[in-house]
Amino acid sequence: MKRFITLFILGFTPFLQAQQVHSTEFLKQILPYPLGASVNPRLLQENGSYRALAMNEFTSITAENHMKMALIHPEANRFDFVKGDEIVAFAKKNKSRVHGHTLVWHNQTAPWMKDFQGDQQAWENLLKNHIQTIVKHYQGQIAGWDVVNEAFLDDGSLRPSIWADHIPDYLAKSFTWAHEADSNALLFYNDYGQDGKPKKMEAILNMVQDFKKRQIPIHGLGLQMHISIQSKNEEIKQVIEQSTATGLHIHFSEVDVAVNPKNNPDFVHDVMSLQAQSDKFHLLFSSFAAIPFKQQYGITFWNVGDKDSWLRGYFKRPKEYPLLFDESYQRKSVYGELYQKLKNK
């Protein structure tokens, strides 16, 4: 048994050696497009290690939660831009791009929105005011917006929501209103799980085609890329190819690669799962590199380190390690592996 372990480690030595990346070498330096992360303003303020990574490793910043409806528009007649402004100020000081997330979503809506009563025109006025007040507030400071987030179900049907229920054609109207507020901002439709869900992907592509036909402003597609080591490579590639064929900007907008998708309480992130995760990260980056450069909006990770990943809290999955940085905000071996593969390509 001891001999087997020794041989296994020796056989894995090339992978371990490939992880050596000096502290002055950054992944962002070898990429021709922005590399981003979503951030939490409290952690930016309170956690020096978190803040240092956000400053040093990334060139694009997205607000993880603080530009969503419930937090930025908590009352009908009150907007709260404090935390969003902090994120924008941080990015400006660091000369990073800011991507806005998200103007319209079925989730994380404010309680007053759910309780709102009125006819179709009143609902349209509500949503138009929400979109345009936010977009105008950040005009010239935010490069692109996820205008509508996750509007389709896996079967391709329109997701039921207060917006779909009360505003016919709310997707097209939302994009039009956002464009009226800032004609220079790039406008994205953002969604998850298109891989392996052909009806969902078809619905998104049909929406894009319809928007183009009606001259509704849409400039990009956000592919969230919340994937796992069990995700099928060919399905991921197909979604990327189909999205790229629209000619729109492409954003891998919420990247993480789950290593424990079945929430095994005894899971150990060993060399095998590290290698599988490394391969998936490389798949995403190499596939993005194949997109025509003019369509490459960037790759954004969903938060900074494993400790802060939404996967742990939302799914109650403490043994999950989906990002490039560990719980101590140190580079994981997959960072070095990815760096070497991209640098030597």
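This is a predicted model: local features need pLDDT of at least 70, side-chain atom pairs count only at pLDDT 80 or more; totals for chains, interfaces and linings use all residues.
How much space lies in the largest cavity? The volume is about 40 Å³.

1. Cavity. The structure holds one cavity of 30 Å³ or more. Strands β3 (97-105) and β4 (144-149) are the elements that give two or more residues to the lining of the largest cavity. The lining consists of Val104, Trp105, His106, Val148, Asn149, Glu150, Ala151, Ser161, Trp163 and Tyr170. By class, six of these residues are nonpolar, three are polar and one is charged.

2. Largest pocket. About 930 Å³ of space lies in the largest pocket. Its lining comprises 39 residues, and those nearest its centre are Tyr192, Gln224, His226, Trp310 and Phe315. At least two lining residues come from each of β3, β7 (226-228), α12 (233-244), β8 (249-258) and α14 (310-314). The pocket lining divides into 14 nonpolar, 13 polar and 12 charged residues.

3. Second largest pocket. This pocket has a volume of about 170 Å³. Residues from separate parts of the sequence line the second largest pocket: Ser23; Ser49, Ala52, Leu53, Asn56 and Glu57; and Tyr329, Gln330 and Arg331. Three of its lining residues are nonpolar, four are polar and two are charged.

4. Helix α4. Within helix α4 (residues 48-56), the buried residues are Tyr50, Leu53 and Ala54. These residues lie on the same side of α4, because they cover an arc of only 100 degrees around the axis. Against which elements do the buried residues of α4 pack? Their partners are β1 (35-39), α3 (41-46), β2 (60-63) and α6 (82-93). Leu53, one of the buried residues of α4, also lines the second largest pocket.

5. Nonpolar core. The largest nonpolar core contains 96 residues, of which Leu27, Trp145, Trp163, Tyr189, Phe252, Phe285 and Phe301 touch the most other members. Helix α10 (residues 170-181) contributes seven residues, the largest share of this core. Trp163, named here as a core member, is also among the residues lining the largest cavity. Beyond residues up to four places away in sequence, Phe252 touches Leu223, Met225, Ile240, Leu284, Phe288, Gly298, Ile299 and Thr300.

6. Gln132. This residue is found in helix α8 (residues 120-137). Is Gln132 buried or exposed? Its relative accessibility is 11%, so Gln132 counts as buried, the cut-off being under 20%. Apart from neighbours within four places in sequence, Gln132 is in contact with Trp177, Glu180 and Ala181.

7. Lys319. The loop between α14 and α15 (333-343) holds Lys319. With a relative accessibility of 32%, Lys319 counts as partly exposed. Leaving aside its neighbours within four places in sequence, Lys319 is in contact with Asn260, Asn264, Pro265, Asp266 and Phe267. Lys319 and His269 are 50 residues apart in sequence, and their C-alpha atoms are 8.3 Å apart in space.

Key: Residues are numbered from 1 along each chain as its sequence is written. Side-chain values use heavy atoms; hydrogens and water are left out. On a 1 Å grid over the protein atoms alone, a cavity is a set of points where a 1.4 Å probe fits but cannot get out, and a pocket is an open set with protein on both sides within 12 Å along at least five of seven lines; lining residues have an atom within 4 Å of a point. Grid points are joined across faces, edges and corners, and a volume is the space filled by probe spheres set on the points. Helices (H or I, at least four residues) and strands (E, at least two) are DSSP runs, numbered from the N terminus. Ala, Val, Leu, Ile, Met, Phe, Trp, Tyr, Cys and Pro count as nonpolar, Asp, Glu, Lys and Arg as charged, and the others, Gly among them, as polar. A nonpolar core is a set of buried Ala, Val, Leu, Ile, Met, Phe, Trp, Tyr and Cys residues joined through side-chain atoms within 4.5 Å. Buried means under 20% relative accessible area, exposed over 50%, partly exposed in between (1.4 Å probe, protein chains only). Contact means heavy atoms within 4.5 Å. The arc is that of the directions from the helix axis to the C-beta atoms.
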